[in-house]
Amino acid sequence: MNAPHGSTRVFARGSWAETSRIADVLRKETVGGVLLLAGTVAALAWANSPWAESYETLRDTRVGPASLHLDLTLGTWAADGLLAVFFFVAGLELKREFVAGDLRDPRRAALPVAAAVGGMVVPAVLYTLVNLGGAGGLRGWAIPTATDIAFALAVLAVISTHLPSALRTFLLTLAVVDDLLAITIIAIFYTTSLAAGWLALALVPLAVFGFLVQKRIRSWWLLLPLAVLTWVFVHESGVHATVAGVLLAFTVPVVRSEAAGGPGAGPGLAEHLEHRFRPISAGVAVPVFAFFAAGVTVGGLSGLVESLGDRVALGIVVGLVAGKVVGIVGATWLVTRFTRAEFADDLGWPDLVGMALLGGIGFTVSLLIGELAFGVGSERDDHVKVGVLVGTVLSALLATVVLRLRNRRYRRISELEQIDADEDDVPDVYQRGLDGPDVPGPGRRTSADG
């Protein structure tokens, strides 16, 4: 069924330029996801080996100048420093999507934004319900709210599903909005003490950085010291230092200036910096953080059961597995119920459930919030790691089942997406590629409306 004039198509294909760009982004994130998995497995193996003490010694080794209050452990450097790069890239991606991407159309943006909000609120509520009356567990309410796009894409790579570009774009946008909401939560709810003077001082290099990038100056020897100074001052202020990454990203212009040819002359500075830093984020920052954050001594099956007996770990599992699905699917239902949004002819609710289950793969930011909530190396922090790992694995397994059941359909859609047909040829191609016993008739798709 074709959507009425002026209505929004849920999971509609975006423009060819945007689809190609998203595909390039996701290829880099998939490689990063594989490295993240490798770092996680290495940390778990080391932490549960006879040499577990050496892993803790390495993680807790302090480096950096004490006079600047930067004599931090390697684990803290990974969480505060390397993840600032991760959030810088996430901020660039988010700004580009809403300024120059397909999501500059409010109708297209409404669904992933609503889904991201629902996918954060419901897990937080379920976690809170599980931990009511518990001893100090409520401080971790935000742990199951995050989605790890790199880990989710690594799962997709392992199960080899031919996920259509519309679903991949939805998943990426969901995760990026999720990251922005998560960093907002960290800044507001997990700042224990605020030194306003340091925070005000951070605005100086931030403003200079913003002025230079608005002038399209790309000289690293100017921009990098300013970014580092901003990070140091934000760190000293008591606000989590990763917030500096998002603030810096939001100052970067997305489109080219008129002097450089305007928007149609090619990628802007935001996309240029994203291309430069995404490999560092996906290939170094996130895997190294995972290596230092995921190492928990489980203690065999009995230790696993004991950890899951803690309401904190149980709340995380319930939030990631059930909360994400209820939140994302529920928010999408509300959007379609109170607007004229309709699903594209070849995709529907089962596909949304698959995306919601992938949204339950919460790792990088979930572990970071767990450390902020309960302290690195504490018993509760170990239970957080177990809960995040178990919830992530369960979500991944359930997503695998759902998406593999739909893979035959995805393969045909993927084949169609490889055909560079003009508008008049698309209906015939669509009919040849998608007609079948499990597809409810052909529909007209174009590169403009999906």
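**Entry 1**

I use buried for under 20% relative accessible area, exposed for over 50% and partly exposed for in between (1.4 Å probe, protein chains only). The model is predicted: local features need pLDDT of at least 70 and side-chain atom pairs count only at pLDDT 80 or more, while totals for chains, interfaces and linings use all residues. Residues are numbered from 1 along each chain as its sequence is written, and side-chain values use heavy atoms, with hydrogens and water left out.

Asp310 forms a salt bridge with Arg380, with 2.8 Å between the closest N and O atoms. A salt bridge here is a side-chain nitrogen of Lys or Arg within 4 Å of a carboxyl oxygen of Asp or Glu. Asp310 lies in the loop between helix H11 (300-308) and helix H12 (311-338) and Arg380 in helix H15, so the pair ties together parts that are 70 residues apart in sequence. Helices (H or I, at least four residues) and strands (E, at least two) are DSSP runs, numbered from the N terminus. Arg380 is partly exposed, at a relative accessible area of 22%.

**Entry 2: Other salt bridges**

I noted 8 salt bridges from a search of the whole structure. In helix H15, Asp381 and Lys385 lie 4 residues apart, about one turn of the helix, and their side chains meet in a salt bridge at 3.8 Å, N to O. Asp381 counts as buried at 1% relative accessibility, and Lys385 is buried with a relative accessible area of 1%.

I then turned to helix H10 (residues 269-293), which holds both Arg278 and Glu274. Their side chains meet in a salt bridge of 2.7 Å, N to O, and both residues are buried. A network of salt bridges links Glu93, Glu274 and Arg278.

**Entry 3: Ser395**

I checked Ser395, which lies in helix H15 (residues 379-405) and is buried, with a relative accessible area of 0%. Ser395 touches Leu320, Val321, Leu357, Gly360 and Ile361, leaving aside residues up to four places away in sequence; contact means heavy atoms within 4.5 Å. A polar atom of the Ser395 side chain lies 3.3 Å from the backbone oxygen of Gly360. Ser395 and Gly359 are 36 residues apart in sequence, yet 8.1 Å apart in space, C-alpha to C-alpha.

**Entry 4: Nonpolar cores**

Which residues touch the most other members of the largest nonpolar core? I found Leu358 and Phe363, in a core of 93 residues. A nonpolar core is a set of buried Ala, Val, Leu, Ile, Met, Phe, Trp, Tyr and Cys residues joined through side-chain atoms within 4.5 Å. Helix H6 (residues 165-189) gives the largest share of this core, 12 residues. A second, separate core has 16 residues, including Phe88, Leu248, Val252 and Val254.

Beyond residues up to four places away in sequence, Phe363 touches Leu36, Thr40, Asp148, Phe151, Ala290, Ala294, Val388 and Leu389.

**Entry 5: The whole protein**

I recorded 17 helices and 4 strands. Buried residues make up 54% of the 450 residues. Of the contacts between residues at least 6 apart in sequence, 80% join residues at least 24 apart.

Key
Polar contact = N/O pair within 3.5 Å; in protein donor to acceptor, adjacent residues only side chain to side chain.
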